[in-house]
Amino acid sequence: MTTPMLTVEGLRKTFSAGTGRAEDGVHAIDDVSFDVQPGELLTLLGPSGCGKSTTLRAIAGLEHPDSGRISIGDRTVFHADSGTRLGPDERGLSMVFQSYAIWPHMNVFDNVAFPLQVVPRRQRRPRQEIRDRVERVLRTVELGGLGSRPATKLSGGQQQRLALARALVTDPDLLLLDEPLSNLDAKLRESMRLELKRIQRSLGVTSIYVTHDQGEALALSSRIAVMDKGRIMQLGTPREIYEAPTCEFVAQFIGTSNVLPATVGAVEGDLAELSTEVGPISSRSWSDLTVGQDVLVIIRPEDISLRSPDGEGAAHWRGKVVAGAYLGEAIDYVVTVDGRELRCRSGPSESGRIDTEVDLDIDPSRVHVLRSEGASR
Ligand code: ADP
Ligand code: MG
């Protein structure tokens, strides 16, 4: 096992609420631990206020946690107990923010060269080397040949790539990105997402990415840490997080899920029979279930297929289509089964007309079961 590029252990940070009472404090980070392997892009994903930026700022050295330890490579850069607190410029990292402050009075080249120019004269690299580096990184972000253009004359997407170039020019051990795409419009955000991934991969720069946008996190990340109220609820690959959420919060936060309370009726081999308020269902995707146990059943809309009731085979449930939305590549339906609304998604060629009855088929291997108490820890 290689040494992680970043290790975060037992980080806590409480902000005072300004009431003078300690118990009113906000637990912005509440015992957060994770590590990031060289070349990985790890995303901190969660709703606004869950502690993503505070965690990132603590890694950057812009915030001092109350307890815990942070190491970059084999260097401890923060340790509450021993009082180790390296400054932001001693940590070998670069940061890109949502408000990517480019310098409007400088051209593109000077914006990128700036971090190399501001170091003390004796540590500064020779002029030619600076030029070569800046030009190389501008080519990487596809701004090659635009060096002499005033920075303000770039489009939004180009300005974001400029900010990225400026962060990369120092060849950081760690690249920290805090919602870097949220100021861009939807279309540009999607193309920049792919662009960012290409650049990060090609340079192999270890990165921590903060976002509240699950689509962005799924598209970009090697692994995702889903956060809620200052805690990591689940950490895993995008596929693990999406297909095997370990708690209700993650199941609800990532994509759309149908979550139904259920009781385990029987367990036979790898198949569990469960009863829910809308009827029985089987699952092959579970672990450690006992008969009589209360659980939550999680089913993704795309794993429920609709067909007309006169078709062959025994359906799981019969319901009634109450709404449908054509999305081009798919159709989203709301189907009520025994008064409970389920979200279903089908291919664009299938059709369930509003107010008609449909049978719902659900593959047991796509029915995910969680222990009812929900919490993953
Ligand atoms: P996120 O980036 O996930 O939206 P933050 O890390 O910015 O969340 O904030 C986490 C919590 O800490 C929030 O409740 C926020 O209001 C609080 N917080 C952050 N910074 C400060 C601060 N400087 N003073 C007081 N409370 C803060
Ligand atoms: Mg934030």
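Is helix α2 mostly covered or mostly exposed, and how many of its 10 residues are buried? Helix α2 is mostly covered, with 7 of its 10 residues buried; buried means under 20% relative accessible area, exposed means over 50%, and partly exposed is in between, using a 1.4 Å probe and protein chains only.

Keep in mind that this is a predicted model, where local features need pLDDT of at least 70, side-chain atom pairs count only at pLDDT 80 or more, and totals for chains, interfaces and linings use all residues. Residues are numbered from 1 along each chain as its sequence is written, chains are lettered from A and ligands numbered from 1 in the order in which they are written, and side-chain values use heavy atoms, with hydrogens and water left out.

**The whole chain**

- The protein chain has 8 helices and 21 strands; these are DSSP runs numbered from the N terminus, with helices (H or I) of at least four residues and strands (E) of at least two.
- Along its principal axes, the C-alpha trace spans about 80 × 50 × 45 Å.
- Of the 377 residues in the protein chain, 47% are buried.
- Take the contacts (heavy atoms within 4.5 Å) with a separation of 6 or more: 65% of them are between residues 24 or more positions apart.
- The accessible surface comes to about 18,200 Å², and carbon and sulfur atoms hold 47% of that; the areas come from the Shrake-Rupley method with a 1.4 Å probe, and for residues only the protein chains shown count as cover.

**Charges**

- The chain carries 44 positive and 52 negative charges, and their mean positions are 10 Å apart.
- Lys and Arg count as positive and Asp and Glu as negative, while His and the chain ends are not counted.
- Each charge is placed at NZ of Lys, CZ of Arg, CG of Asp or CD of Glu.

**Helices α2 and α3**

- In α2, the buried residues are Val108, Phe109, Asn111, Val112, Ala113, Pro115 and Leu116, and they pack against α3 and α4.
- Helix α3 covers residues 127-140, so to speak 14 residues in a row, and reaches 20 Å from its first C-alpha to its last, close to the 20 Å expected at 1.5 Å a residue; the expected span is 1.5 Å times one less than the number of residues.
- Ile130, Arg133, Val134, Val137, Leu138 and Thr140 are the buried residues of α3.
- Looking down the axis of α3, you'd see those buried residues fall within an arc of 155°, so they line one face of the helix; the arc is that of the directions from the helix axis to the C-beta atoms.
- Those residues pack against α2 (108-117), α4 (156-168) and α5 (186-203).

**A buried spot in a strand**

- Ile208 sits in strand β9, residues 206-211, and is buried with a relative accessible area of 0%.
- Leaving aside neighbours within four places in sequence, the contacts of Ile208 include Leu6, Val36, Leu42 and Leu177.

- Most residues other than glycine have a negative phi.
- Glu142 isn't a glycine, yet its phi is positive, about 60°.
- Glu142 lies in the loop between α3 and α4 and is partly exposed, at 48% relative accessible area.
- Asp355 isn't a glycine either, and its phi is near 75°.
- Asp355 belongs to the loop between β19 (340-346) and β20 (357-362), and at 56% relative accessibility it counts as exposed.
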